[in-house]
Amino acid sequence: MENGQQQPLLSGDNCPNNYTTLSKLLAAPLTCQADEDGVQINGVGDFCKEFYVESKRLWYLAGPAIFTSLCQYTLGATTQLFAGQLGTIQLAAVSVENSVIGGFSLSILCGMGSALETLCGQAYGAGKIEMLGVYLQRSWIVLNTAAMVLMFTFIFGVSVLRLLGQTTTISMAAGSFAVWMIPQLFAYATVIPIAKFLQAQSNIMPMAVISVVATLSHVCLTWLFMVKLGWGLAGAAVVLDGSWWFITLAQIAYVMWGCCGEAWSGFSWKAFRNLKGFLHVSFTTAVMFCLETWYMMSLVLFAGYFENPETSVDALSVCLNILGWVCTISLGLNIAVSVRV
């Protein structure tokens, strides 16, 4: 350290060689550009003024983030709602696949992708804007590799659910639907890092616009394929896969068409460096995230043990759908706070 200044965590054109543990990454000091955030508060008036200013900044980010989370959650919820019109077993199949098989994989991928919040935030704060694109590519490599492993839980979904004690009827229906949902797994692995990449730059509005287009078209297409054309769960899977890949490809196009400035300068071989360290950070965040989310999955599993498992799973899925919509508000606020920090 010189002249009392703290060294940024990220120096040069690369990340730390040893990728210290996530706790050290979170605790590491940053050298950030000075702005009006460092205003000294000398009284109630100053506090109220700064509270108002910070609230405006926070909700400028939180509004689009909440809207994006709400739209993306509505995709799966809409599919479950239309599945309920087909019958109890169809609703149970979608609910179990979405909460157990898909939920298990999504929680792991979201947890691993959360490492990008720390790394991109560190790079952005330290002025290493060009490293955001490199971190994005590394996350793509790690998450899509993880998706290839998690794919087997979809392929052998019937056996997995039977091993967990679910009835044969629910296991067969949910396991068959899970195979159709494999494309969604890789959409998750690709779009989650893009979301973290854009959030680190406070660039949230494009995600909101893409999400609302996907949601509106998803509702119409789900009705068309599931109800009007009578494709059933196969139609539900095709539309849900297509909606998530629309979001994924639209965000990829936004990033690669030069809308992110220095943050994306094209594909680089640097993405293949320090993958072991990047995987370590990703695994650490995944463990923390999964421990917080898997209890929801266990509720659906326990509902399948009741005397009338199909009805129990259906009723619980409706309750969780409502709860999920409410939780999108907290999720959006969490994203906004994370970006501000």
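At what angle do α3 and helix α4 pack, and how far apart are their axes? Hold that for a moment. First, a caution: this is a predicted model.

Now the answer. Helix α4 covers residues 115-125. The angle between α3 and α4 is about 15 degrees, and the axes are 4 Å apart. Angles under 35 degrees count as roughly parallel. So α3 is roughly parallel to α4. Who makes the contact? On the α3 side, G111, M112 and G113. On the α4 side, A115, L116 and E117. By class, that contact has three nonpolar, two polar and one charged residues.

Let me step back to the whole chain. The protein chain has 12 helices and zero strands. Read along the sequence, the pattern is α-α-α-α-α-α-α-α-α-α-α-α. The chain has 341 residues, and 47% of them count as buried. Now take contacts between residues at least 6 apart in sequence. Of these, 83% join residues at least 24 apart.

Next, the other helix pair, α2 with α3. Helix α2 is residues 44-86, and helix α3 is residues 88-113. Their axes come within 7 Å and cross at roughly 150 degrees. The cut-off for roughly antiparallel is over 145 degrees. Therefore α2 is roughly antiparallel to α3. From α2, the contact uses T79, Q80, A83, G84 and L86. From α3, the partners are Q90, L91, V94, S95 and N98. By class, the α2 contact with α3 has four nonpolar and six polar residues, with no charged ones.

On to the aromatics. How many aromatic pairs does the structure hold? Seven. I will show two.

The centres are 6.1 Å apart, with 65 degrees between the planes, and the pair is edge-to-face. Are they buried or exposed? W140 is buried, and W264 is buried too. There is also a cluster here: W140, W264 and F267 form one aromatic cluster.

The next pair is Y188 with W244. Why do we call it edge-to-face? The ring centres lie 5.0 Å apart and the planes stand at 75 degrees, so the pair is edge-to-face. The cut-off for that label is over 60 degrees. Again, the pair links distant parts of the chain. Y188 is in helix α8, residues 182-199, and W244 is in helix α10, 56 residues away. Y188 has a relative accessible area of 10%, so Y188 is buried. W244 comes in at 7%, so W244 is buried as well. The cut-off for buried is under 20%.

Last topic: the record. An unreviewed UniProt entry lists residues 141-164, 170-192, 204-225, 231-257, 278-303 and 315-337 under "transmembrane region". I checked two of those spans against the model. Residues 278-303 are 100% helix and 0% strand, and their end C-alpha atoms lie 38 Å apart. Residues 315-337 are also 100% helix and 0% strand, with end C-alpha atoms 34 Å apart.

To recap. The chain has helices and zero strands. α3 runs roughly parallel to α4. α2 runs roughly antiparallel to α3.

Technical notes. Residues numbered from 1 in each chain as written. Predicted model: local features only at pLDDT ≥ 70, side-chain atom pairs only at ≥ 80, totals over all residues. Heavy atoms only, no water. UniProt positions renumbered as here; feature names shortened; annotations may be inferred. Helix = DSSP H or I, 4+ residues; strand = E, 2+ residues; numbered from the N terminus. Axes fitted to C-alpha atoms, helices over the stretch in contact; angles between N-to-C directions. Parallel < 35°, antiparallel > 145°, perpendicular 65-115°, else oblique. Contact = heavy atoms within 4.5 Å. Nonpolar A, V, L, I, M, F, W, Y, C, P; charged D, E, K, R; others polar. Phe/Tyr/Trp six-rings, centres within 6.5 Å; stacked < 30°, edge-to-face > 60°. Buried < 20%, exposed > 50% of the residue type's maximum accessible area, 1.4 Å probe, protein only.
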